[in-house]
Amino acid sequence: MTIRLEDREAIRDILAAYAHAIDRRRWGMMERLFHPDATFKFGLVEGDWRGFVEQARAIIDPCLATQHQLGQTIFGFDGETVCHTETYMTAMHTIPPGYPMTAAFPDKGMIYSGIVAGRYVDRFEKRSGANGAEWRIAQRTGLYDWREFRVVEGVDLSNTAEGAAGYHDERDPSTAAVQGWLG
């Protein structure tokens with residue numbers, strides 16, 4: 001069995017692209033990250049990857065902002081075409097008053113921060129595709145390690161100068177970095 005650094009880096013790229021797609025609301029990127037038959041389970045969200053996107057959008061899109069920070073990843077290669085990983089993550093969500101998905105985050109009637117820390121436990125598979133053999137997520141299980149809610153101040157960036165804050169559309173300066181994932 002030959003495991004190359006390129007395989008590890010390809011998997012890391014997918015993990016990073018996933019966090020970017022969630023935070024920048026670039027939901028169309030998901031089809032490049034998951035195999036067509038991939039499954040997903042994390043808290044309230046469960047099913048195939050397309051169902052995940054619909055459910056995740058209902059939770060994430062109403063947030064004022066989100067940021068997913070990835071930590072260490074452990075790789076467990078099982079041959080040359082399967083890799084099991086565990087990636088630590090912390091996800092910050094700025095929740096507005098009137099938040100509609102109260103099963104995910106309560107509506108506290110004010111802006112607050114909902115923080116989730118946990119792990120993505122993934123099964124990656126390297127399969128033949130239009131661009132040759134490529135790694136993608138075949139199965140994702142998200143695990144909570146802890147959650148907390150914080151009352152915060154100064155999170156409204158509506159008065160921030162143009163170009164000084166991130167965007168959830170093509171104005172975001174990161175667009176060039178993820179162009180290959182956008183299709």
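Colleague: Which helices and strands each supply at least two residues of the lining of the second largest pocket?
Modeller: Please keep in mind that this is a predicted model. As a general idea, rolling a probe the size of a water molecule over the atoms shows where empty space is left. In this structure, α1, β1 (34-42), α2 (49-60), β4, β5 (112-129) and β6 (132-151) each contribute at least two residues to the lining of the second largest pocket, and α2 gives the most, with four residues.

Colleague: How many residues line the second largest pocket, and which lie nearest its centre?
Modeller: The lining is made up of 22 residues, and those nearest the centre are F42, I59, I60, H93 and Y144. The volume of this second largest pocket is about 330 Å³, and its lining divides by class into 18 nonpolar residues, three polar and one charged.

Colleague: Where does H93 lie, and which strand holds it?
Modeller: H93 belongs to strand β4, which covers residues 82-95. A polar atom of the H93 side chain lies 3.4 Å from the backbone oxygen of A91. Apart from neighbours within four places in sequence, H93 is in contact with I60, C63, A65, T66, H68, F105, Y112, S113, G114 and V116.

Colleague: Is H93 buried or exposed?
Modeller: The way to read this is to compare the relative accessible area with a cut-off, since under 20% means buried. H93 has a relative accessible area of 6%, and therefore counts as buried. The cysteine C63, at 4% relative accessibility, is buried, and C83 is buried with a relative accessible area of 0%.

Colleague: How many disulfides are there by the distance rule?
Modeller: The rule asks for two cysteine sulfur atoms within 2.5 Å, and by this rule the count is zero disulfides.

Colleague: What volume does the largest pocket have?
Modeller: About 430 Å³ of space lies in the largest pocket. Its lining has 16 residues, of which L64, A65, T66, L157 and H168 are the closest to its centre. At least two lining residues come from each of α1 (5-24), β3 (65-77) and β4, with β3 giving the most, three residues.

Colleague: How does the lining of the largest pocket divide by class?
Modeller: Seven residues of that lining are nonpolar, six are polar and three are charged.

Technical notes: Residues are numbered from 1 along each chain as its sequence is written. This is a predicted model: local features need pLDDT of at least 70, side-chain atom pairs count only at pLDDT 80 or more; totals for chains, interfaces and linings use all residues. Side-chain values use heavy atoms; hydrogens and water are left out. Buried means under 20% relative accessible area, exposed over 50%, partly exposed in between (1.4 Å probe, protein chains only). A polar contact is a pair of N or O atoms within 3.5 Å; within protein, one must be able to donate a hydrogen and the other to accept it, and residues adjacent in sequence count only if both atoms are side-chain atoms. Contact means heavy atoms within 4.5 Å. On a 1 Å grid over the protein atoms alone, a cavity is a set of points where a 1.4 Å probe fits but cannot get out, and a pocket is an open set with protein on both sides within 12 Å along at least five of seven lines; lining residues have an atom within 4 Å of a point. Grid points are joined across faces, edges and corners, and a volume is the space filled by probe spheres set on the points. Ala, Val, Leu, Ile, Met, Phe, Trp, Tyr, Cys and Pro count as nonpolar, Asp, Glu, Lys and Arg as charged, and the others, Gly among them, as polar.
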